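Please look through the model below before reading my notes.

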Amino acid sequence: MSIALHRNARMLAARALLIVLLAGFLAIHPRGVSTGVLTAWSNQGVALAFVAVGQTIVVLSRGIDLSIGAIMALTNCTASVLVQGSPAEVAFGVAAVILCGAACGAANGLIVVKARIQPIVATLATGAVFSGLALLVQPTPGGSVDETLSDLLTGDIAGVPASLLLLAGLVGLVWGPVRAARLGRGMLAVGSAEGAAYMSGLPIDRAKIAAYVLAGVFAAFGGLFLGFQTLSGDPAIGGSYTLNSVAAVVLGGTSLMGGAGSVAGTIAGALILRTIGSLMFFAGVNPMAQPLLEGAVLLAAVALGAIRLLKIRNRLEMFR
Amino acid sequence: MNARSSPFARALVRDGPTRALVLVLAALLLVGGAVYNQFFSPTYLLQQLQSGAFLGIVAIGAMIVILTGHIDLSVPWTLSAAATFSTAFTALAGGAPWGEFGVLVGLAIGAGIGLVNGIGVAYLRIPSMIWTLAVNIVVLGICVFYAGLYASGSRPSAMMSVLGGGRSFGVIPNALLVWLVLSGGVVLLMRRTLMGRYLYAVGTREGAAYLSGIETRRVIAGAFVISGLCSATAGMLLAGYANQAYQNMGDPYLLPGIAAVVLGGTSILGGRGSYAGTVAGVLLITLITSMLSVMQIAEAYKQIAYGAVILAMVGYYSRRSATPG
Amino acid sequence: MLDQADFLQLDDVTKRYGGVAALNKLCFRARRGSIHAILGENGAGKSTLMKILAGVVRADSGTVRLAGEPLDLRRPADALANGIACIFQELSIVPDLSAAENICLADPPRSRLGLIDRRAERRAARAVLAEIGCADGLDVRTSCADLPLSKRQLVEIAKAVVRRPRVLILDEATSALTAEDAAKVMALLRRLREEGTCVLFISHRMHEVDSLADTCSVFRNGEHVATFSAGSKSHDEIVRLMIGRPIAQIYPPKPARPPAAPAYLAIADLGWPPALTQVSLAVRPGEIVGLGGLDGQGQRELLLALAGVLRGVGGTARFGTQAALPASPRAAKRRPFRTALIPEDRKTEGLFLGLSIRDNIAMAALDGLARGGIVDSAAERALVDRLIATLQIMAPDADAPVGTLSGGNQQKVVLAKWLAIEPRLLLLMDPTRGIDVGTKQEIYRLFRELAASGVAILLYSTDYDELIGLCDQVLVMYGGRVAARLEGQDLTEENLLAAALNLRPAPPAARPASLTEAVA
């Protein structure tokens with residue numbers, strides 16, 4: 001009874017915390033509630049949210065993708081080279097960038113499943129390769145990205161931040177159908193209980209590979225959006241996004257042990273991480289104290305996971 | 001096989017990964033030597049060992065934690081914090097001899113961070129990947145906050161400079177000697193102490209270790225304390241070598257440290273691995289890095305080569321262990 | 001047209017685990033439209049048969065045919081694709097998915113776009129639960145982790161039934177159900193039989209077999225010994241078929257009279273709800289006390305409680321002069337408890353498979369051999385060598401990984417690990433499971449020698465032979481209580497089986513005479 005309630009409670013807590021933080025942020029922002037403030041806020045969080053959604057999908061199937069930041073950097077750099085020129089060229093560029101992300105994800109999935117290397121090691125190594133490729137594409141921060149599209153996606157549509165709509169739309173269009181199909185069901189089943197999924201005759205390998213591919217696609221969305229935001233490509237952004245994506249997943253209530261969690265929770269988690277920073281900035285908190293407070297929030301949120309220990313009566317269960 | 005022969009020799013015979021690594025190392029040296037004759041010069045090799053020593057010390061801690069089946073992602077800022085605060089303490093002394101106690105401050109910080117890691121992972125049973133990550137961010141926060149409050153000096157104490165950057169007899173880097181001493185210590189720890197034996201037991205299967213009457217939580221917490229101490233030591237030596245503590249000085253050590261351990265054949269799932277393999281892994285990474293530098297290969301190709309080597313070696317180990325015999 | 005009787009056809013199916021044959025050239029037939037009970041002792045090969053049909057394990061040799069077609073069952077998906085569905089004890093439940101999602105897991109209803117139609121899925125799940133007659137009180141949207149055990153088992157059953165299998169296999173599938181639900185499931189099975197399903201049914205509940213099965217087969221030692229129509233043989237005849245042979249002379253002689261020493265272990269009214277209720281027993285030095293009964297009647301929990309693994313155990317206990325339960329296995333192995341637990345699962349709880357034989361044997365006693373955290377390697381070596389010699393562990397190289405040993409020798413390593421602490425009380429959980437007869441004999445002799453040297457032994461075994469041949473007295477557990485105490489002439493396989501199956505009124509559970517004063 002308690003486990004799922006507890007998990008739901010954590011997902012709800014993430015959303016509640018986000019609302020409180022956002023309200024606080026808007027209350028103290030010198031310009032108050034305005035489309036411009038909301039749009040800027042949303043733009044800041046959406047790139048991380050995309051990457052974290054990708055990470056969530058892998059974590060739900062009980063894997064982890066430590067290369068996700070590198071895929072984002074690679075796709076960001078690719079975007080800074082390809083997403084420019086005529087509308088047709090821009091469209092081709094966007095498609096190529098997304099394909100690139102998917103290919104990286106497919107490489108991860110195949111290595112994890114076929115070479116049977118632990119996900120943490122495999123993606124650590126592929127992450128180095130992807131970072132190297134990013135450097136080949138764009139040795140130093142630079143390049144350019146189509147400005148029309150950028151203005152459109154980082155602006156607002158009828159008072160609603162376009163980036164938020166983009167996030168909701170892409171998650172709904174890509175993860176929505178997968179989640180609703182057998183494939184997504186299989187990913188959750190594999191993450192929750194691989195043995196039971198096997199006994200039920202589900203295609204386990206396919207589910208795992210697909211999870212990594214999707215992670216690559218979402219990392220590409222993140223890289224693309226960052227390109228629209230900064231109008232350039234930066235090969236060195238990967239590391240912080242990898243770690244923050246894991247943090248957002250956990251904050252959003254998804255268990256690192258797989259099977260349970262939600263993409264919506266993760267999005268809340270990612271936005272929380274970004275909002276804390278903005279909130280503290282406008283609250284006049286010493287900027288030097290900001291990372292400490294951010295870390296403390298994360299540490300406290302994670303420590304809540306220890307509550308389950310109180311219910312264990314057979315100590316052997318602690319080790320499972 | 002005589003059990004009293006050196007662990008390294010034992011590992012060479014028994015341990016496939018170490019053997020494979022040593023072969024790769026030898027091949028690399030030969031190829032490198034054939035192309036660039038300075039490869040075999042003692043100066044060049046000692047210089048490699050000097051820079052390898054820092055990574056080697058970090059890898060000791062990484063390996064001990066990985067043996068228990070966990071991972072320590074707080075290495076970067078444990079390393080930086082120890083360097084920052086030990087040098088700040090030295091600055092506080094303003095040249096007085098008690099400034100040398102800065103080293104103790106650094107070690108205490110390393111042990112303290114390790115303890116916090118251990119409590120979260122072993123006692124609160126939070127996945128180490130996320131707990132140590134959060135701890136890393138908090139320590140980063142503390143360092144940034146501190147740096148914002150006090151503009152303190154960051155010059156290393158005399159001892160740090162000598163150990164980190166100095167050379168004995170004018171040739172042998174002292175950092176290498178520190179690494180050797182710590183290596184001796186860790187070999188003793190793993191072979192002769194209860195703690196060392198329990199590391200493998202806990203990493204193989206914590207439930208079985210618990211049923212064998214081992215206080216598994218203390219073992220895991222202890223592993224994190226050792227890792228914290230190793231990171232702190234590396235940080236202070238590095239500060240001594242670079243003659244200052246600086247932000248992000250720990251970043252280049254986290255992933256290579258883990259990679260060295262994994263390349264050395266230690267299972268990321270815990271319970272299996274040899275220290276000799278880790279040493280070989282550190283040497284391999286150091287050598288590849290320096291060879292690629294010598295050949296003036298672009299950073300991009302270095303990264304790709306680095307990832308490819310890990311995939312090839314670990315893929316090879318996993319195939320080997322999958323096929324019987 | 002194929003003969004109905006040969007719908008499911010197994011020929012010469014053999015499966016070995018290590019050196020032990022779980023199934024030995026098994027031949028077996030089952031009809032369509034029949035409920036076929038499979039009976040046998042623990043270890044007779046029933047579960048192995050089921051796992052082979054389910055695609056969970058592969059037979060070493062032999063053929064399986066269904067409706068005349070030979071089947072190649074490599075994985076569970078193959079079995080499902082061929083219309084073979086198995087109902088395990090909630091082994092295939094995915095805890096984080098809802099009941100409806102679990103029931104339709106393998107083939108959920110889909111809309112035209114290929115997406116899962118969640119409403120149709122819930123409808124299908126409700127329909128199949130309604131068909132079973134258990135739709136009430138089970139919201140199909142509830143995640144399975146939140147369902148009580150009995151409801152999860154219903155989901156497991158629904159999951160198999162929804163596929164309309166040609167062969168439906170149940171392994172003790174009703175034991176977790178409430179009596180009411182079990183009756184409904186049995187009614188469902190009868191309906192499925194009318195529809196032509198071949199139902200294979202493993203149960204230890206004889207009354208279920210009586211009321212349900214039309215055909216019975218008895219398995220013994222991995223072989224199929226008899227098939228007969230239900231009701232044609234009496235319970236006594238069936239039990240005799242299951243036992244089949246005189247108990248082999250592999251057990252050491254028991255001492256003529258029980259030792260007079262006061263009990264080393266005495267517990268009274270031990271409780272750990274819901275697994276243990278008011279358990280009282282005493283074990284004297286020199287005595288081997290057996291725990292019998294069906295699997296899962298609280299025997300494991302009792303031994304775990306005595307080893308300090310469980311939290312919140314009620315009741316009183318005395319170990320030697322210490323009136324308390326140990327707080328952890330670490331406390332248990334030290335003075336004053338001196339208690340060793342040989343756990344049930346050798347590979348995951350008893351051994352460190354990747355570590356050497358030497359490391360494994362030394363692991364429990366290591367802290368006693370260390371000073372200031374430094375292990376005395378000479379003493380360790382001597383201890384390990386002595387134990388390898390005493391237990392006659394057949395290992396060419398003691399530094400080789402313990403995983404390279406045979407099952408019997410692995411179990412000897414586990415025993416050696418615990419003998420190294422020189423225990424006063426030995427708690428054994430099914431210590432000879434999957435071990436060849438020769439090694440068993442050695443281990444029995446060892447237990448008897450240990451007892452003679454003053455060790456108190458409490459042994460849980462699923463093997464009735466062992467309980468009878470080895471133990472001085474046997475406590476049969478049922479539903480978390482000690483249901484019967486058998487010793488001397490009463491300690492027969494018939495009595496054990498009867499008490500375990502709750503077939504006839506058991507002799508009153510005698511409280512050991514010395515217990516009251518011993519605990520006080």
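How many residues does the contact take from chain C and from chain B? The contact takes 25 residues from chain C and 19 residues from chain B. Two residues are in contact if their C-beta atoms, placed from the backbone, lie within 7 Å.

1. This is a predicted model; local features need pLDDT of at least 70, side-chain atom pairs count only at pLDDT 80 or more, and totals for chains, interfaces and linings use all residues. Residues are numbered from 1 along each chain as its sequence is written, while chains are lettered from A and ligands numbered from 1 in the order in which they are written.

2. On the side of chain C that touches chain B, α10(C) gives the most, with four residues. Helices (H or I, at least four residues) and strands (E, at least two) are DSSP runs, numbered from the N terminus. That side of chain C has 14 nonpolar, five polar and six charged residues. Ala, Val, Leu, Ile, Met, Phe, Trp, Tyr, Cys and Pro count as nonpolar; Asp, Glu, Lys and Arg as charged; the others, Gly among them, as polar.

3. Chain B holds 14 helices and two strands. Its C-alpha atoms fill a box of roughly 60 × 55 × 40 Å, taken along the principal axes.

4. Among contacts in chain B between residues at least 6 apart in sequence, 76% join residues at least 24 apart.

5. Of the 325 residues of chain B, 57% count as buried (20 or more other C-beta atoms, placed from the backbone, within 10 Å of the residue's own).

How values were computed. A residue is buried if 20 or more other C-beta atoms lie within 10 Å of its own, exposed if 12 or fewer, and partly exposed in between; C-beta atoms are placed from the backbone.
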